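Here are some friendly notes to go with your first look at this structure. Please keep the sequence and the 3D view open while you read.

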Amino acid sequence: QQQQQQQQMFLSRLQSGLETITKYEDELARACALSVVPVEELEKRVKEGKEPKCQGLSFKDAFIVELLKWFKHEYFSWCDKPNCSRETCSFSVQEEVGRKTTVRTNPANMQCVDTVAPSEEERVFGTSRVELYACSGCGCQTRFPRYNDAVKLLETRTGRCGEFANAFSLICRALDYETRYILDWTDHVWTEIWSPSQNRWIHCDSCEAAFDEPRLYSEGWGKSLSFVVAFSIDGVADVSKRYQKMDDAMVGRRRAIVQDDEFVSKAIARCTEVLQTRIDVARREIVRKRNEDEREELKVLDMGEEEKKNLPGRTTGSLEWRRARGELGDNK
């Protein structure tokens, strides 16, 4: 009975990832995403070459570095707590953050008092829960729907890691990057993009504006990962070994979630089979070869002793929230 429940929960999470990634193929959604990106300005920044992280990268990869910086610092806003919704409330102030004007991300006057069901309108945008906050200044209650619709998020431009990754992944697809939505079973999400010049998938975290730092979570934040699964329109893959060495402790954490390793492999393979019914034989062969190369890449990475970088703890979210999640790393 317990094993069946574990397997069903695992399948539900796979289904959630599939639903998310397929929405990025909608032409209208892509057009909406493309309309918000200052492509010419970002291309100009790449050509100016002022960003050290872009050194040695192809133009296409360097563009993603600039896109990550723009998305985090100029477009999207982190929200620990929403600002009071009453316009006349004296606590409803705005602040200048970088090149954008935003509400405060952690207003002291707002306290979460409940989690409630979404309204019918909120459900339209994929909301499964709404956080309800009370203002200690005026007594007004403010709803914070956790939207799961990337197009809606282009309008609200705020949220936490789920909202960041969802909106950013759609933008990457709109810019014609092959994109993966990455689901971490320990409660984080991010993006990978395919780099033709490097012939591999590249880690991109829009919350942290991080590019190609896959061990950020395990070595920087101090997370103990279990399953990290990648969803693209061409298939699903277990990429856990890219993000943490598969030692006995990690194997134990995975089996605490699903005991049967074969079940996991078959479930992921079935998802890929379903997705690949939509692509032609030539594309299927390209994906097959890539998958083989990636499995070898992750095998070598997991067997080797990679030189550890001095990676930072998490920077987004309030100090209290990051400490409660155990994601400060050495920055405690």
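Where is the place of T158?

1. T158 sits in strand β7, residues 158-159. T158 is partly exposed, as its relative accessible area is 23%. Here buried means under 20% relative accessible area, exposed means over 50%, and partly exposed is in between (1.4 Å probe, protein chains only). Leaving aside residues up to four places away in sequence, T158 touches F76, S77, W78, C79, L153 and E163, where contact means heavy atoms within 4.5 Å. A polar atom of the T158 side chain lies 3.1 Å from the backbone oxygen of S77. A polar contact is a pair of N or O atoms within 3.5 Å; within protein, one must be able to donate a hydrogen and the other to accept it, and residues adjacent in sequence count only if both atoms are side-chain atoms.

2. **How to read the model.** This is a predicted model, in which local features need pLDDT of at least 70 and side-chain atom pairs count only at pLDDT 80 or more, while totals for chains, interfaces and linings use all residues. Residues are numbered from 1 along each chain as its sequence is written, and side-chain values use heavy atoms, with hydrogens and water left out.

3. **S206.** Now find S206 in the loop between β10 (200-205) and β11 (210-211). With a relative accessible area of 2%, S206 is buried. Not counting residues up to four places away in sequence, S206 touches L68, F71, K72, F164, A165 and F168. The S206 side chain also has a polar atom 3.4 Å from the backbone oxygen of F164.

4. **The largest pocket.** How many residues line the largest pocket? There are 36, of which V236, A237, D238, I268 and R295 lie nearest its centre. The elements that give two or more residues to this lining are β8 (179-184), β12 (228-232), β13 (235-238), α9 (240-243), α11 (261-276) and α12 (281-303). The largest share, ten residues, comes from α12. The volume of the largest pocket is about 800 Å³. On a 1 Å grid over the protein atoms alone, a pocket is an open set of points where a 1.4 Å probe fits, with protein on both sides within 12 Å along at least five of seven lines, and lining residues have an atom within 4 Å of a point. Grid points are joined across faces, edges and corners, and a volume is the space filled by probe spheres set on the points.

5. **The second largest pocket.** This pocket holds about 600 Å³ of space. Its lining has 22 residues, of which R129, R146, G162, Y181 and D187 lie nearest the centre. The elements that give two or more residues to it are α1 (2-23), α7 (161-174), β8, β9 (188-195) and α13 (319-325). With four residues, α7 gives the most.

6. **Salt bridges.** The whole structure has 33 salt bridges, each a side-chain nitrogen of Lys or Arg within 4 Å of a carboxyl oxygen of Asp or Glu. One of them joins R146 and E131, with the closest N and O atoms 3.2 Å apart. R146 lies in the loop between β6 (141-145) and α6 (150-156) and E131 in strand β5 (residues 130-135), so the pair ties together parts 15 residues apart in sequence. R146 is buried at 13% relative accessibility, and E131 is buried at 7%. D261 and R255 also form a salt bridge, at 2.6 Å from N to O. Salt bridges that share partners join D184, D187, K223, R314, R325 and E327 into one network.

7. **Positive phi angles.** Most residues other than glycine have a negative phi. D187, although not a glycine, has a positive phi of about 80 degrees. D187 lies in the loop between β8 and β9 and is partly exposed at 46% relative accessibility. A209 has a positive phi too, near 55 degrees. A209 is in the loop between β10 and β11 and is buried, with a relative accessible area of 9%.
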